[in-house]
Amino acid sequence: MIKMQYVWIRNYESPRTIVAHQHACYEFIYYLKGDGEGLFGKTKYHYEPGTFVIVEPDTVHGETHNTQTSMISIGFGLNDHFIAPQSCYYKDESSRIFDLVQSIRHEFKQKQPYYRESIENLLGNILISVLRRSPGLIPAKDTNIDYAISYIREYYMADINLVDLAKSTGYCDDYFRIVFKKKTGMSPKEFILHTRLEAAKKMLADKSISLNDISAKCGFEYYSRFSLFFKTKTSMTPSEYRKNLSL
C-alpha cells in the first residue's frame, strides 16, 4: 500500500541550484519542462522534459537548472507488501508515465472527495511500470506458487483445472507440479485433497452442519465418495470422527 505524503507542483522561472537535501520518505520527481543536471547519492543524471526520478528515503539529492524548469514532486511511503523500488531515473519514452502524472496533477488541483486515494492508486501504477523495467526487482516465479496455494484454499471445493492454474503462475504443467511440491511437500492434487480434509474436520466439529452438506461443501458429488476418502485419510468415517470429537 502507498501512502502519499505530499505533492509539490513547481515552476522555476530562472536557472537555479536546489541544494542537496533528503527526505524520510520516497520521492518521485517528473520533469515537465526545462533541462539541467541532477544527483541522487553518487549517481548523476541529466534531466529534460519526460525524465523522471525516484529517490529512496534518506538519500541525499539535488539539482541544477540550466533553463526554466517545471516539475511535479510526490513524497510517499510504502508498507511491507509493496516491493520497494531503488533510486533510479528514466526517460518516459512512451509517455505512459506522463499521462499518469497529468491525472495526478488534475486530482491534486481539483481535490474532489477521495483525491488522495486516487493519487495513491495512480502512483502505484507508476511504480509498477518502474518495477517492470527493472528485472532484478520483479518477484521470482516461485513466489507465484503462493498465488496458487491461496487459490486452492479459496476454491478447494471446486473442480480446479490444474493446467490452467499452472499457466497462471507462468509455469508449464510438469514444472509447476515440481515447484509446487518443493514448496508445500505435496503435489497440487494432494494439496487440494489435504485442504478438503482439513475443511471437513473443521465442519464436523459443528453439529449443525449435516454430513451431506459437509460432503458437498468439500467438493464431493456423492457422500459415499466423501466417506471413503475421509476414512482412507483418518481411519474413521465422518460420523465416527464427529462422535470422537464429543468424547
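Five salt bridges are found in this structure, a salt bridge being a side-chain nitrogen of Lys or Arg within 4 Å of a carboxyl oxygen of Asp or Glu. The model is a predicted one, where local features need pLDDT of at least 70 and side-chain atom pairs count only at pLDDT 80 or more, while totals for chains, interfaces and linings use all residues. Residues are numbered from 1 along each chain as its sequence is written, and side-chain values use heavy atoms, with hydrogens and water left out.

Let us begin with the charged pairs. Side chains of opposite charge can pair when their charged atoms come close. Glu48 makes a salt bridge with Lys91, and their closest N and O atoms are 3.2 Å apart. This pair joins distant parts of the chain, 43 residues apart: Glu48 sits in the loop between strand 5 (43–47) and strand 6 (51–55), and Lys91 belongs to strand 9 (residues 88–91). Glu48 counts as partly exposed because its relative accessibility is 33%, and Lys91 counts as partly exposed at 30%. As for the cut-offs, buried means under 20% relative accessible area, exposed means over 50%, and partly exposed lies in between, with a 1.4 Å probe and protein chains only.

Next, please turn to helix 5, where charged residues come up several times. Arg177 forms a salt bridge with Asp174, with 2.6 Å between the closest N and O atoms. Both residues lie in helix 5, three residues apart, which is about one turn of the helix. Arg177 has a relative accessible area of 36%, so it is partly exposed; Asp174, at 48% relative accessibility, also counts as partly exposed. A network of salt bridges links Asp173, Asp174 and Arg177.

Which residue forms a salt bridge with Lys183? The partner is Asp146, and the closest N and O atoms of the two are 3.4 Å apart. Here too the pair links distant parts of the chain, since Lys183 is in helix 5 (residues 173–184) and Asp146 is in helix 3 (residues 144–155), 37 residues apart. Lys183 is partly exposed because its relative accessibility is 46%, and Asp146 is partly exposed with a relative accessible area of 35%.

That brings us to the two helices themselves. Two packed helices are described by the angle between their axes and the distance between the axes. The axes of helix 3 and helix 5 come within 10 Å and cross at roughly 80 degrees. Axes are lines fitted to C-alpha atoms, for helices over the stretch in contact, and angles run from 0 to 180 degrees between N-to-C directions. Helix 3 and helix 5 are therefore roughly perpendicular to each other; angles of 65 to 115 degrees count as roughly perpendicular, under 35 as roughly parallel, over 145 as roughly antiparallel and the rest as oblique. Where they meet, helix 3 brings Ile145, Asp146, Ala148, Ile149 and Ile152, and helix 5 brings Phe176, Val179, Phe180, Lys183 and Thr184, contact meaning heavy atoms within 4.5 Å. By class, this contact has seven nonpolar, one polar and two charged residues.

The largest nonpolar core has 25 residues, and Phe28, Ile74 and Ile126 have the most contacts inside it. A nonpolar core is a set of buried Ala, Val, Leu, Ile, Met, Phe, Trp, Tyr and Cys residues joined through side-chain atoms within 4.5 Å. Helix 2 gives the most to this core, with seven residues. Leaving aside neighbours within four places in sequence, Ile74 touches Met4, Tyr6, Val7, Tyr26, Glu27, Phe28, Ile104 and Leu123. Another core, of 15 residues, lies apart from the largest one and includes Ala199, Ala200, Phe230 and Tyr241.

Ser95 has a positive phi of about 70 degrees although it is not a glycine, and its place is in the loop between strand 9 and helix 1. Tyr114, also not a glycine, has a positive phi of about 70 degrees and is found in the loop between helix 1 and helix 2. With a relative accessible area of 65%, Tyr114 is exposed. Thr169, in helix 4 (residues 162–169), counts as buried at 1% relative accessibility.

How values were computed
Helices (H or I, at least four residues) and strands (E, at least two) are DSSP runs, numbered from the N terminus. Ala, Val, Leu, Ile, Met, Phe, Trp, Tyr, Cys and Pro count as nonpolar, Asp, Glu, Lys and Arg as charged, and the others, Gly among them, as polar.
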